[in-house]
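The points are numbered and can be checked one by one.

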2 protein chains.
Amino acid sequence: MSSLKVPASVPDPYEDAEQLKKAFKGWGTNEDLIIQILAHRNAAQRKLIRDSYAAAYGEDLLKDLDSELSSDFQRVVLLWTLCPAERDAYLVNEATKRLTASNWVIMETACTRSSDDLFKARQAYHARYKKSLEEDVAYHTSGDFRKLLVPLITAFRYEGDEVNMTLARKEANILHEKISDKAYNDEEIIRIISTRSKAQLSATLNHYNDHHGHEIIKDLEADDDDEYLKLLRAAIECLKTPEKYFEKVLRLAIKKLGTDEWDLTRVVATRAEVDMERIKEEYHRRNSVTLDRAIAADTSGDYEKMLLALIGHGDA
Amino acid sequence: MSSLKVPASVPDPYEDAEQLKKAFKGWGTNEDLIIQILAHRNAAQRKLIRDSYAAAYGEDLLKDLDSELSSDFQRVVLLWTLCPAERDAYLVNEATKRLTASNWVIMETACTRSSDDLFKARQAYHARYKKSLEEDVAYHTSGDFRKLLVPLITAFRYEGDEVNMTLARKEANILHEKISDKAYNDEEIIRIISTRSKAQLSATLNHYNDHHGHEIIKDLEADDDDEYLKLLRAAIECLKTPEKYFEKVLRLAIKKLGTDEWDLTRVVATRAEVDMERIKEEYHRRNSVTLDRAIAADTSGDYEKMLLALIGHGDA
């Protein structure tokens with residue numbers, strides 16, 4: 001499901017590090033070389049390149065990329081080069097800062113990562129920020145948003161396939177009752193959404209659909225002002241069908257006047273190695289144009305090249 | 001700080017397994033031999049004995065202990081023999097069952113384990129119960145108890161020594177304000193108690209003490225009916241001075257008419273390898289009698305022998 005294209009024979013990480021060092025030297029930066037290397041290495045390989053770079057030059061590859069590159073291209077290369085756990089920690093930290101605050105990024109990270117990956121992000125947060133991820137999320141949110149986001153981000157969901165159908169029926173009825181009463185911030189809704197395994201939740205939502213006449217998502221349609229309700233709905237989408245959620249984020253980012261590079265970069269950098277092929281299928285189905293073409297039409301230069309490389313356009 | 005006494009030369013785990021198998025054979029069980037072996041092996045060694053036992057006899061040592069032993073002696077041997085993560089998972093699971101429900105055990109486990117150990121208990125819970133620990137805790141609690149216990153049990157606190165004094169002052173004032181208003185279930189109190197590192201919390205509570213005239217614990221003195229307030233107070237004690245909390249649990253368990261073996265067993269089995277020496281000091285200081293003597297006076301037989309061995313009485 002990864003869209004990443006790694007060459008059949010990958011160079012030694014020291015060689016990659018040396019090439020990158022060369023790309024930074026002289027009159028201008030050689031962006032093509034940076035893309036050719038980094039956009040075609042998996043997380044473990046990128047980690048080795050960073051280690052080799054530090055060992056060979058006593059410098060941090062990320063710092064050099066930060067100083068050599070700029071703008072949207074810089075952001076996509078940096079996010080991509082980070083290992084997934086560090087990247088998630090970085091994104092959540094950014095999402096708790098005033099100027100880049102985003103309940104959506106916190107929710108998306110909490111609901112679309114595997115339990116192990118979410119926990120690794122919490123470990124990486126300790127290492128990098130000398131605090132816990134949840135203390136920053138709890139501190140920088142309030143009211144209903146905190147009530148929803150803290151349990152989502154601290155969850156360590158069971159990942160087996162076992163489903164308790166009696167429980168699914170019972171909890172579908174609880175969800176339906178609370179939603180009918182418009183009690184969207186009810187603690188029982190939050191408990192069910194934030195603690196149950198994805199398999200169990202899927203059974204619950206199927207029962208909801210079968211016995212209450214609508215998909216839960218339809219019953220949660222919000223007017224544009226209700227930010228909490230929109231976030232709750234998106235959390236359910238992320239847990240149930242992440243590829244549909246990400247398709248929608250990409251669609252809105254690309255359609256937006258001027259393109260929302262912030263969202264586009266984040267989704268490509270975080271999903272390329274996970275489920276980008278599924279997201280591309282979904283995008284094509286929904287928009288009658290491939291994601292490659294949509295991105296090519298809306299972006300340009302090195303940023304465009306890097307995005308296209310990450311979503312698997314062209315050869316490694 | 002562990003009270004465990006391990007012999008200078010520990011037998012091969014296969015030999016220990018063989019001795020245990022012999023202890024089960026014949027007319028009666030040889031309890032002394034069981035104590036002699038298991039009460040003098042650390043967690044890693046007990047794990048090897050279980051593995052060796054399974055390899056040699058195709059049977060689960062825990063199941064054999066369960067069928068050979070009985071009553072309080074059985075419980076202490078079983079809890080002790082489990083590895084710490086499995087034991088914590090077992091205790092929390094038990095604490096969510098109707099007949100053995102205990103908000104206190106959940107709180108105690110959440111607040112006195114290291115962040116890593118608490119997370120390992122969550123992993124062990126997945127493996128053993130095919131569910132997440134927090135989904136059972138959230139499902140089987142409600143109201144203010146759920147509001148406090150779920151964030152406590154899902155926390156992954158930062159464990160460094162760094163302290164932000166400005167934040168400590170600010171949050172001491174928040175705590176004081178909410179407590180003055182008797183808003184004990186306020187979400188800010190719960191956020192601070194459940195997310196901050198123990199070092200940060202300690203600075204906050206010191207500031208509270210210095211600037212508001214009382215220890216926070218004094219301001220939270222509850223009449224006997226307010227179970228939530230007592231639990232909140234105990235959570236703060238567990239986070240701040242676990243040895244004092246455990247001394248009190250032991251004191252009340254031993255003083256109780258007939259002794260509360262449930263609490264006595266749990267505290268000895270969970271703390272022997274962690275901080276039992278500190279708890280013993282605290283106990284002696286507070287009761288003018290050593291814990292050894294208090295236990296010897298209130299218990300008997302193999303149960304007494306096992307408890308005394310675990311708290312370091314006599315030789316390995």
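1. Contact here means heavy atoms within 4.5 Å. The model is a predicted one, and the contacts named below should be read with that in mind.

2. Tyr53(A) belongs to helix α3 of chain A. Setting aside neighbours within four places in sequence, Tyr53(A) is in contact with Ala17(A), Leu20(A), Lys21(A) and Phe24(A), and also with Gly58(A), Glu59(A), Asp60(A), Leu61(A) and Asp64(A).

3. Is Tyr53(A) buried or exposed? Buried means under 20% relative accessible area. Tyr53(A) has 0% relative accessibility and therefore counts as buried.

4. Tyr53(A) and Arg196(A) are 143 residues apart along the chain, and their C-alpha atoms are separated by 43 Å.

5. Helix α2 of chain A covers residues 31-38, and its buried residues are Leu33(A), Ile34(A), Ile35(A), Ile37(A) and Leu38(A). Which helices do the buried residues of α2(A) pack against? They are α1 (13-24), α3 (43-57), α4 (61-68), α5 (71-81) and α20 (301-310), in chain A. Helix α3, one of these partners, is also where Tyr53(A) is placed.

6. Not counting residues up to four places away in sequence, Asp298(A) touches Ile254(A) and Thr259(A).

7. Asp298(A) has a relative accessible area of 32%, so it is classed as partly exposed, whereas Tyr53(A) is buried.

Conventions: Residues are numbered from 1 along each chain as its sequence is written. Chains are lettered from A and ligands numbered from 1 in the order in which they are written. This is a predicted model: local features need pLDDT of at least 70, side-chain atom pairs count only at pLDDT 80 or more; totals for chains, interfaces and linings use all residues. Side-chain values use heavy atoms; hydrogens and water are left out. Buried means under 20% relative accessible area, exposed over 50%, partly exposed in between (1.4 Å probe, protein chains only). Helices (H or I, at least four residues) and strands (E, at least two) are DSSP runs, numbered from the N terminus.
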